[in-house]
Amino acid sequence: MRAIDVSDLLERPGSSRTVHVSEPVPDLHTELAGVPEDTPIEGDLTLESVVEGIYVTGSVGGRMTLVCARCLKSCERGFDVGVRELVAREAGPDDDYVIEPDLTLDPEPMVRDAVVLDMPFSPLCRPDCLGLCEVCGGDRNLGECPGHETTDPRWAALEVLLDPTTDRSDAGEPGR
Ligand SMILES: [Zn+2]
Ligand SMILES: [Zn+2]
């Protein structure tokens with residue numbers, strides 16, 4: 001994102017200005033979520049000159065691509081996130097953002113941080129996504145998995161008990 005010249009604001013504490021940003025931010029993604037590089041992030045940021053530096057408030061929005069953590073299908077959703085950060089005149093131990101030596105302010109780091117925080121850790125294409133079968137890989141949402149014989153020994157024992165063809169005559173009828 002382009003740097004914003006804030007020299008005028010720094011000269012006059014108490015003054016403020018609103019800027020519109022609309023630019024793509026490269027390489028903005030987590031493992032299963034990301035903002036496509038050709039999609040701009042857009043919003044209005046109010047820059048307010050305070051003693052410590054420039055206080056930035058506003059919101060930015062755009063579209064992010066998500067990969068469903070259960071079925072791995074891609075989907076898209078919009079986002080709109082708030083920004084509320086101090087960009088310090090001089091870097092202190094608690095300052096995440098600092099005014100550049102040429103008296104400009106780079107909005108990209110705070111926009112990046114706000115959007116990454118909004119990215120879901122474990123995105124779902126829909127809340128009740130059934131996911132993929134771990135045996136055949138079929139998408140259960142599409143009925144692609146035919147179902148499988150269970151291999152759990154507890155179920156196998158129960159199946160023997162319930163199976164009418166199992167010969168149990170020596171247990172139930174001692175008279176034979
Ligand atoms: Zn899914
Ligand atoms: Zn399956």
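Donors are N, O and S atoms within 2.8 Å of the metal (3.2 Å for Na, K and Ca), and since water is not among the atoms, sites may look incomplete. The model is predicted, and local features need pLDDT of at least 70, while side-chain atom pairs count only at pLDDT 80 or more. Residues are numbered from 1 along each chain, and ligands from 1 in the order in which they are written.

**Stop 1: the zinc ion**

Select the zinc ion (ligand 2). Its donors follow the spacing C-x2-C-x8-C-x2-H along the chain. Now show Cys133 (SG), Cys136 (SG), Cys145 (SG) and His148 (NE2), which coordinate the zinc ion at 2.0 to 2.3 Å. The angles between these four donor atoms are 103 to 115°, so the arrangement is tetrahedral (four donors, all angles between 85 and 135 degrees).

**Stop 2: helix H2**

Select helix H2 (108-118). Helices are DSSP runs of H or I, at least four residues; strands are runs of E, at least two. Glu108, Met110, Val111, Ala114 and Val115 are buried in H2 (under 20% relative accessible area, 1.4 Å probe, protein chains only). They sit on the same side of H2 because they cover an arc of only 165° around the axis, taken from the directions from the helix axis to the C-beta atoms. Show S4, S5, S6 and strand S7 (97-98): they are among what covers these buried residues.

**Stop 3: Val115**

What does Val115 touch, leaving aside its neighbours within four places in sequence? Val115 is in contact with Leu28, Val35, Ile41, Val60, Met64, Phe79 and Val81 (heavy atoms within 4.5 Å).

Terms used: Heavy atoms only, no water. Tetrahedral: all angles 85-135°; square planar, octahedral: opposite > 155°, others 65-115°. Buried < 20%, exposed > 50% of the residue type's maximum accessible area, 1.4 Å probe, protein only.
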